[in-house]
Amino acid sequence: KNRVAWVRCDYNEYFKTLHGRKESFYEKYNHVVCVSEKTRDNFVKIYPEYDKKTHCIYNPQDSSLITSQADIDDYDNRFDIDTDKIILVSPGRLNKVKRFDQIPSIARKLVDNGLQFVWYVIGDGEEKQTIANEILKHKVEDYVKMLGGKSNPHFYIKRAYLYVCLSSSEACPRVVNEAKILSTPVVSTDFPTIYEYIEDGVNGRIVRLEDVSQV
């Protein structure tokens, strides 16, 4: 039998959860496929014995489906499509690695700099209440709006001025690719794999988390 294992995480980060203990089941596989070159590099650093059977294949994404979904109206009266303010969007699972909890403090800096914008957070997850508390703490209720989970986030991505990604780690940043397909400019933090998808200053910007408000 030809067994193939797919690795869809940054093994440097995942390995920490194993407390440095190697998993033994990979020896049973004929091939190990990682979803980015950096993901492969990190995997092979931990499992050098599997170097020759470890490969990179990027996650496939259906551009025609993404484009067609973006044209399907996903009505939400909290999303002001006709505003003259800059629309920012950040879709994704509300967990710690996505760092959505940093949005309110960044938004506060933008407000203090006089920028007129609305930043929509799209998604659900365990950090939802933390983010809501941060919005109140930084007094940006009029600027940061939480829309909850959406079955069709592409509608919102297409109509945004910028897609903002604040992740600390991504194996394959699918939403970055979706934004590129929809011709929405990308601003992303500098996690290792982003350099395979964005060329800084050409089709997006890559910055440190603390510099996002300066873009």
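The legends below describe close-up views of a predicted model.

Local features in this predicted model need pLDDT of at least 70 and side-chain atom pairs count only at pLDDT 80 or more, while totals for chains, interfaces and linings use all residues. Residues are numbered from 1 along each chain as its sequence is written, and side-chain values use heavy atoms, with hydrogens and water left out.

**View 1. The aromatic pair of Tyr58 and Tyr197.** The whole structure holds 15 aromatic pairs (rings of Phe, Tyr and Trp, the latter by its six-membered ring, with centres within 6.5 Å; planes under 30 degrees apart are stacked, over 60 edge-to-face, the rest tilted). Tyr58 and Tyr197 pair edge-to-face, with 5.6 Å from centre to centre and 80° between the planes. The two residues are 139 residues apart and link distant parts of the chain: Tyr58 is in the loop between strand 3 (54-56) and helix 3 (63-70), and Tyr197 in the loop between strand 8 (186-189) and strand 9 (205-207). Helices (H or I, at least four residues) and strands (E, at least two) are DSSP runs, numbered from the N terminus. Tyr58 counts as partly exposed because its relative accessibility is 38%, whereas Tyr197, at 6%, counts as buried (buried is under 20% relative accessible area, exposed over 50%, partly exposed in between; 1.4 Å probe, protein chains only).

**View 2. A cluster of rings and a charge over Tyr50.** Ring pairs join Tyr11, Tyr14, Phe25, Tyr26, Phe43, Tyr47 and Tyr50 into a cluster. Over the ring of Tyr50 sits the charged end of Lys53, 4.6 Å from the ring centre (NZ of Lys or CZ of Arg within 6 Å of the centre and within 35 degrees of the ring normal).
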